[in-house]
Amino acid sequence: VKILLLGKDGQVGWELQRALAPLGEVLALGHASAGEDCGDLTDTVGLARTVKRFNPEVIVNAAAYTAVDNAESEERLAFEVNAEAAALLARLAAERDALLVHYSTDYVFDGSGQAPWRETDPVGPRNVYGRSKLQGEQAIQTSGCRHLIFRTSWIYAARGANFTKTVLRLAAERDTLTMIDDQKGVPTGADLIADTTALAIRQLASGSRAHCGIYHLAAAGETSWYDYARHVLRQAQALGAPLKATDLAVQPVPSSAFPLAAVRPLNSRLNTSKLRDTFDLVMPPWQAGVDRVLTEILSK
Ligand SMILES: NC(=O)c1ccc[n+]([C@@H]2O[C@H](COP(=O)([O-])OP(=O)(O)OC[C@H]3O[C@@H](n4cnc5c(N)ncnc54)[C@H](OP(=O)(O)O)[C@@H]3O)[C@@H](O)[C@H]2O)c1
């Protein structure tokens, strides 16, 4: 299988380089990839030329504008990367009957209620980032291309910027931490997302339209940022990390204590039964992946 991977240096993109390698020939491009092999999603001409030249059977788009707060003041760029580039990739995929794999977010929902969101639930993004990601989803769905869209949440990895690493840094600098306890979701490892992507591509690369569509992809269980932070610190302590703040020094606060440019949904839980049933997968508990990444980070 010929696979074009975009966004190779992001959290998910980095893990995809590993997970996709056994499937075939992978051309992995990043934001800075230019010339013959253009990986900049805002360079529509370069991107189209690259797809035409490489002629992939699968396009995996792990690139995105992910700066959620900055998106409030950079709306144009957020839509260019998350919506318009997704539409272009869908067109390019449809032209050659390639499979397009794309990632979206729990932020397409309004965060109401307590129940994990299903794929069929009504959307209602509360910030610019969420609206731009939703428009990207919709462009792909209406393009007629074969596609897989994975909505995921609270991504972490050993590489890249994420909550797990922020908690470790803050706990090394401060005696006490305050963490939001009224937003609920599921931390999901970039490695789990990449491995699930590879398994799904294996089932679809033959050209079948069966199983195309949108799926919620998250680890099992749920937590709050507060309990997530406490888990990280308990584990980090057990692994011998020198910390000023222990898990007992974390104070729970409501979202209102941390006013940010972009409003976050309170309920980010995702129901993953469609993914599990369709691809016959088991999603591991979120703690297992976080513990692995902590071991990796702290053994460096
Ligand atoms: N992170 C989360 O918690 C989360 C939650 C739910 C869904 N998602 C979605 O999951 C996917 C993967 O997220 P992630 O956490 O792996 O993101 P990430 O670590 O922020 O990586 C995104 C990558 O996209 C690149 N990029 C940005 N603008 C680009 C452009 N114009 N052209 C080409 N590349 C560009 C970035 O490069 P630069 O660093 O050079 O800009 C970065 O390498 C995204 O679709 C995201 O929306 C993320």
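This is a predicted model: local features need pLDDT of at least 70, side-chain atom pairs count only at pLDDT 80 or more; totals for chains, interfaces and linings use all residues.
Figure 1. At Asp 40 the side chain takes part, one of its N or O atoms being 3.3 Å from a nitrogen atom of the ligand. An oxygen atom of the ligand is placed 3.0 Å from a polar backbone atom of Ile 155. Taken on its own the ligand has 910 Å² of accessible area, and the protein covers 78% of that area.

**Figure 2. The shell of residues around the ligand.** The ligand is surrounded by 23 residues, of which Val 12, Leu 41, Thr 66, Tyr 129 and Lys 133 are the closest. By residue class, the shell around the ligand divides into 10 nonpolar, 10 polar and three charged residues. Two or more residues of this shell come from each of helix H1 (11-20), strand E4 (99-105) and helix H4 (128-143). Strand E4 gives the most to the shell, with three residues.

**Figure 3. The salt bridge between Asp 9 and Arg 159.** Among the 16 salt bridges that the structure holds, one joins the side chains of Asp 9 and Arg 159, with an N to O distance of 3.9 Å. Asp 9 belongs to the loop between strand E1 (2-6) and H1, whereas Arg 159 belongs to the loop between strand E6 (155-156) and helix H5 (163-173), so the pair ties together parts that are 150 residues apart in sequence. Asp 9 counts as partly exposed because its relative accessibility is 37%, which falls between the limits of 20% and 50%. Arg 159, at 34% relative accessibility, likewise counts as partly exposed.

**Figure 4. The salt bridge between Glu 84 and Arg 76.** Glu 84 and Arg 76 form a salt bridge in which the closest N and O atoms are 2.9 Å apart. The two partners fall into separate accessibility classes: Glu 84, with a relative accessibility of 36%, counts as partly exposed, while Arg 76, at 52%, counts as exposed.

Figure 5. Asp 247 pairs with Arg 230 in a salt bridge whose closest N and O atoms are 3.8 Å apart. Arg 230 is part of helix H7 (225-238) and Asp 247 is in the loop between that helix and strand E12 (250-253), so the pair ties together parts that are 17 residues apart in sequence. With a relative accessibility of 10%, Asp 247 counts as buried, because the limit for that class is under 20%.

**Figure 6. The surroundings of Arg 269.** Arg 269 is located in the loop between E12 and helix H8 (273-279), and this arginine counts as buried at a relative accessibility of 6%. Its side chain makes a polar contact of 3.0 Å with the side chain of Asn 267. When residues up to four places away in sequence are not counted, Arg 269 touches Gly 113, Gln 114, Ala 115, Pro 116 and Trp 117, together with Lys 184, Gly 185 and Glu 222.

Terms used. Residues are numbered from 1 along each chain as its sequence is written. Side-chain values use heavy atoms; hydrogens and water are left out. A residue is near a molecule or strand if one of its heavy atoms lies within 4 Å of it. A polar contact is a pair of N or O atoms within 3.5 Å; within protein, one must be able to donate a hydrogen and the other to accept it, and residues adjacent in sequence count only if both atoms are side-chain atoms. Accessible areas come from the Shrake-Rupley method with a 1.4 Å probe; for residues, only the protein chains shown count as cover. Helices (H or I, at least four residues) and strands (E, at least two) are DSSP runs, numbered from the N terminus. Ala, Val, Leu, Ile, Met, Phe, Trp, Tyr, Cys and Pro count as nonpolar, Asp, Glu, Lys and Arg as charged, and the others, Gly among them, as polar. A salt bridge is a side-chain nitrogen of Lys or Arg within 4 Å of a carboxyl oxygen of Asp or Glu. Buried means under 20% relative accessible area, exposed over 50%, partly exposed in between (1.4 Å probe, protein chains only). Contact means heavy atoms within 4.5 Å.
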